[in-house]
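Q: Can you walk me through this one? I'd like to start with the rings.

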Amino acid sequence: MIVSIVGRPNVGKSSLFNLLIGKNKSIISDIPGTTRDRIAEYLSIKDKSAMLIDTGGLNDEDYALSKKINLQTQAAIESSDIVILVFDAKEPLNDFDISLFKMIAKLKKKYIVVVNKIDEKNEEFFYDYIRFKNAIFISTKRRTNLNILKERLYELIEKNVKIEDANTRLAIVGRTNVGKSSLFNAILRKERSIVDNNAGTTRDSVETLIKYHEKTYKIIDTAGLRLKLKKESLDKLASYLTLFSIERCDIALFVIDASQGVTTQDLKIASILERKHKGIIVLFNKWDLVEKDAEKVFKDLKNRLSFINFVPFLKVSAKESKNIDKIFKYVSIVEEYYNKRVSTHNLNEAFRFLSAKHHAVSVNSKPIRIKFINQVDIKPPTFVIFTNVKKVPKNYEHFVKNQLYSIFKFTGCPLKLIFKND
């Protein structure tokens, strides 16, 4: 779930954000350059968690107060499941405050009214805030009533669904203007997302359920991911929401514009998906614009993504509905491997055979030997590998991964390997 903190400037939104996340900080993006303006992090309360958005961090400059709510605040509210509306007990209610409250009510969002700076309240204006039903009066400076706020949040945040009980989540991801929303609509065969030629039209995430061969999937059309974040607040918010969608999904439908080739941003997104161990299907969209040497183009595109050569690559055209029907065939394949378990006996037999056939990599003239290998988890497939050395070099890790792919397939699944010294 997504929780946003909104309110006019200087009411204490960022202070409240920092107090709520406390020491349990988990930055959504580990991309260099995105942590200067930390606007979104995970909030954990007991056994529940959500993404918390500080809309104060969305503003690079102070904005003039007006009756019209600024776009970044509106986008955050619309994208959220729960809204924390913060007022300043030292100041009277104004048109901006009332506009925010009306918007939240109109959108039928779950909300909590918080009146901050209660330790410095102005008695003349205090009655304005008492009228709000179930308002929580706090002081971020003195940490007054923060536990009451956390308890209210705990009541509103839905408990995390266990992975084994949840529908498989698919996220359509990629940089801006590669045709994600058009693809989303082509899959659903009806309009759900706004489609526009201007980059960055989709600002929030749209999700819906879809059935394929009696199986239900949740599919998310995410906002365009911009890794070189510009100052525009909407782009910044869109990037965080997309990264959050990646965190929540099981399988990513990674969309690349075939007519433009694989860009640096595409490579970075692919790296994020691999590091997060998400199932991956690469969709080369706008294939209708590839006019010459189609097979050579396809080969060159795949070569640029050789570090994820274990994933399916599919040529599609959202505009002409080309190969849209094949997407879920690949989803079924990747889903099967994402949930696959290999017996301990089969794993160890395979690597025993390999050790006899191939010379192992050495560390300080000491050949690395796998003593025991065991699969400990699925989603992603996770393996614990006991070796005779303390630290395994990257080239040996790649060797083990390649052998697992070669013998047991695991199509579309970045594998998680944990090496231990026995």
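Q: Which residues do ring pairs link into a cluster?
A: Ring pairs tie Phe 87, Phe 101, Tyr 111, Tyr 129 and Phe 132 into a cluster. Keep in mind that this is a predicted model.

Q: How many aromatic pairs does the structure hold?
A: There are 14 aromatic pairs in the structure. One of them joins Phe 284 and Phe 298. That pair is edge-to-face, with 5.9 Å from centre to centre and 90° between the planes.

Q: Where do Phe 284 and Phe 298 sit in the chain?
A: Phe 284 is in strand β11, residues 279-285. Phe 298 is in helix α9, residues 294-304. They are 14 residues apart, and the pair links distant parts of the chain.

Q: Is Phe 284 buried or exposed?
A: Phe 284 is buried, because its relative accessible area is 0%, and the cut-off for buried is under 20%.

Q: And Phe 298, buried or exposed?
A: Phe 298 has a relative accessible area of 11%, so it is buried too.

Q: What does Trp 287 pair with?
A: Trp 287 forms an aromatic pair with Phe 298. It is edge-to-face, 6.0 Å centre to centre, with 85° between the planes. Trp 287 lies in the loop between β11 and α9, 11 residues from Phe 298. Both Trp 287 and Phe 298 are buried.

Q: Which charged end sits over the ring of Phe 298?
A: That is Lys 315. Its charged end is 4.6 Å from the centre of the Phe 298 ring.

Q: What about Lys 46? Which ring does its charged end sit over?
A: The ring of Tyr 154. The charged end of Lys 46 is 4.7 Å from the centre of that ring. Lys 46 also has a positive phi of about 55°, although it is not a glycine.

Q: Where is Lys 46 found?
A: Lys 46 is in the loop between β2 (40-45) and β3 (48-54). Its relative accessible area is 62%, so Lys 46 is exposed.

Q: New topic: helices. At what angle do α1 and α5 pack?
A: Helix α5 (residues 146-156) packs against α1 at about 75°, and the axes are 11 Å apart. Angles of 65 to 115 degrees count as roughly perpendicular, so that is how α1 and α5 lie to each other.

Q: Which residues make that contact?
A: From α1, Leu 16, Leu 19 and Leu 20. From α5, Leu 146, Leu 149, Lys 150 and Leu 153. By type, six are nonpolar, none is polar and one is charged.

Q: Where is Ser 15?
A: Ser 15 is in helix α1, residues 13-21. It is partly exposed, with a relative accessible area of 38%. Ser 15 and Asp 54 are 39 residues apart in sequence, and 9.5 Å apart in space, C-alpha to C-alpha.

Q: Which residues does a cis peptide bond join?
A: Lys 379 and Pro 380, with omega about 5°. Pro 380 is in the loop between β15 (370-377) and β16 (382-387).

Q: Last one. How many helices and strands does the protein chain have?
A: The protein chain has 12 helices and 17 strands. Of its 422 residues, 51% count as buried.

Definitions and conventions:
Residues numbered from 1 in each chain as written. Predicted model: local features only at pLDDT ≥ 70, side-chain atom pairs only at ≥ 80, totals over all residues. Heavy atoms only, no water. Helix = DSSP H or I, 4+ residues; strand = E, 2+ residues; numbered from the N terminus. Buried < 20%, exposed > 50% of the residue type's maximum accessible area, 1.4 Å probe, protein only. Axes fitted to C-alpha atoms, helices over the stretch in contact; angles between N-to-C directions. Parallel < 35°, antiparallel > 145°, perpendicular 65-115°, else oblique. Contact = heavy atoms within 4.5 Å. Nonpolar A, V, L, I, M, F, W, Y, C, P; charged D, E, K, R; others polar. Phe/Tyr/Trp six-rings, centres within 6.5 Å; stacked < 30°, edge-to-face > 60°. Lys NZ or Arg CZ within 6 Å of the ring centre and 35° of its normal.
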